[in-house]
Amino acid sequence: MVIQATTRVESLSTSGIHQIPKEYIRPQEELRSITNIFDEEANKQKPQVPTVDLTDIESDDPEKRHKCLEELKKAAMEWGVMHVVNHGVSGDLIGRVKAAGEGFFGLPVEEKEKYGNDPDGGRTQGYGSKLANNASGQLEWEDYFFHLVFPEEKRDLTIWPTTPSDYTDATTEYAKQLRALATKILPALSLGLGLEEGRLEKEVGGIEELILQLKINYYPKCPQPELALGVEAHTDVSALTFILHNMVPGLQLFYDGQWVSAQCVPDSIILHIGDALEILSNGEYKSILHRGLVNKEKVRISWAVFCEPPKEKIVLKPLPETVSEAEPPLFPPRTFRQHMEHKLFRKNKDEVMQN
Ligand SMILES: [Fe+2]
């Protein structure tokens, strides 16, 4: 058996090439929409991702809490993505998480290869880059590190980086705090649909079954950023996704028929509503299409934590309370695994049709 080494984008980036390999060049129709992410003037003209202050999410003052919940609900319904501030995760901890990820990616590629994953062989956790698993051979301009971070008993600590030494402690504490934050956000979103507070948390698996997975995305400098994407357009399959980044822009959202860039908001966490909540809410909450651009000047790093329901145990479908004669179910019942497979199938079919 011939094992082909996967090309790390970081190695390509530092090799001094001036033109990117053809596998990274996006199709013609997509190239038209790829812009310079640093063009602030153009970005300012476009709609802005909302910022939601979570200070009062559990306030004892009913009026204050109501106001906070309404803002969260509005952002979840209109955009499905927002910058959350005053989220309760300390700046110190966020600094440690970023330092740990930056420290790991600062290691030489050969060191990182020791943590290399093997998605085809079923080992998805670890250091990786996208494999060309479609007819077009299309690749993305990023390397990543992916692993389960919560519940703690489901972690495989043998694949976690041992360098930097704070990686495990910082990441574990961060995952614990995000899990607690999800337990504040899900009740607020339940109330927003007129459901009992605990409903959405229960519907996505509760404390036992909801799984948190961390993907550190590393986007090296790209000599031809106008031809590539760091992450192609997709919606997140999760219930919720929390994202940190190193203050280098790159995230774009497809809003109101156009691609708009997310600004970098200090001390915020980006919160995405994922497909699971879009399905449960029968489309009331949006799972927005988004993608990542790259640039020539700066490495971009983001830390995405996906909060996902269990793959088999739960059948996702619009909750009866969200369905009526006027609003029939928009999504058929599917387990989380079936939902992911359905998306993959559709994507491959679309690509075959394009080719
Ligand atoms: Fe995403």
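View 1. Pro 151 sits in the loop that runs between strand S4 (143-150) and H7, where helices (H or I, at least four residues) and strands (E, at least two) are DSSP runs, numbered from the N terminus. The peptide bond from Phe 150 into Pro 151 is cis, with omega near 0 degrees. Pro 164 is also in the loop between S4 and H7, and the bond from Thr 163 to Pro 164 is again cis, omega near 0 degrees. For background, most peptide bonds are trans. Bear in mind that this is a predicted model: local features need pLDDT of at least 70, side-chain atom pairs count only at pLDDT 80 or more, and totals for chains, interfaces and linings use all residues. Residue numbers start from 1 along each chain as its sequence is written.

**View 2. The largest nonpolar core and Val 305.** This core has 84 residues; a nonpolar core here is a set of buried Ala, Val, Leu, Ile, Met, Phe, Trp, Tyr and Cys residues joined through C-beta atoms within 7 Å. Leu 189, Leu 240, Ala 276, Leu 277 and Val 305 have the most contacts inside it. Helix H7 (residues 167-192) gives the most to the core, with 11 residues. Skipping neighbours within four places in sequence, Val 305 is in contact with Val 149, Ala 175, Leu 178, Leu 212, Leu 214, Thr 241 and Phe 242 (contact: C-beta atoms, placed from the backbone, within 7 Å).

**View 3. H5 against H7.** The axes of helix H5 (residues 91-105) and H7 come within 9 Å and cross at roughly 135 degrees; axes are lines fitted to C-alpha atoms, for helices over the stretch in contact, and angles run from 0 to 180 degrees between N-to-C directions. That angle makes H5 oblique to H7 (under 35 degrees is roughly parallel, over 145 roughly antiparallel, 65 to 115 roughly perpendicular, and the rest oblique). On the H5 side, Leu 93, Arg 96, Val 97, Ala 100 and Phe 104 meet Tyr 167, Ala 170, Thr 171, Glu 173, Tyr 174 and Gln 177 of H7.

**View 4. H4 against H7.** Helix H4 (residues 62-78) packs on H7 at about 80 degrees, with the axes 9 Å apart. So H4 is roughly perpendicular to H7. Leu 69, Leu 72, Lys 73 and Ala 76 of H4 make the contact with Ala 188, Leu 189, Leu 191 and Gly 192 of H7.

View 5. Met 247 has phi of about 65 degrees without being a glycine, and lies in the loop between strand S7 (240-245) and strand S8 (251-255). Asp 267, another non-glycine, has phi near 60 degrees, in the loop between strand S9 (258-261) and strand S10 (269-273). Met 247 is exposed because it has 12 other C-beta atoms within 10 Å, and Asp 267 is exposed with 12 as well (buried: 20 or more other C-beta atoms within 10 Å; exposed: 12 or fewer; partly exposed: in between; C-beta atoms are placed from the backbone).

**View 6. Thr 6, in the segment before helix H1 (9-14).** Thr 6 counts as partly exposed because it has 19 C-beta neighbours inside 10 Å. Its C-alpha atom is 8.3 Å from that of Gly 128, 122 residues apart along the chain. Leaving out neighbours within four places in sequence, Thr 6 is in contact with Ser 129 and Leu 131.

Note on methods: Two residues are in contact if their C-beta atoms, placed from the backbone, lie within 7 Å.
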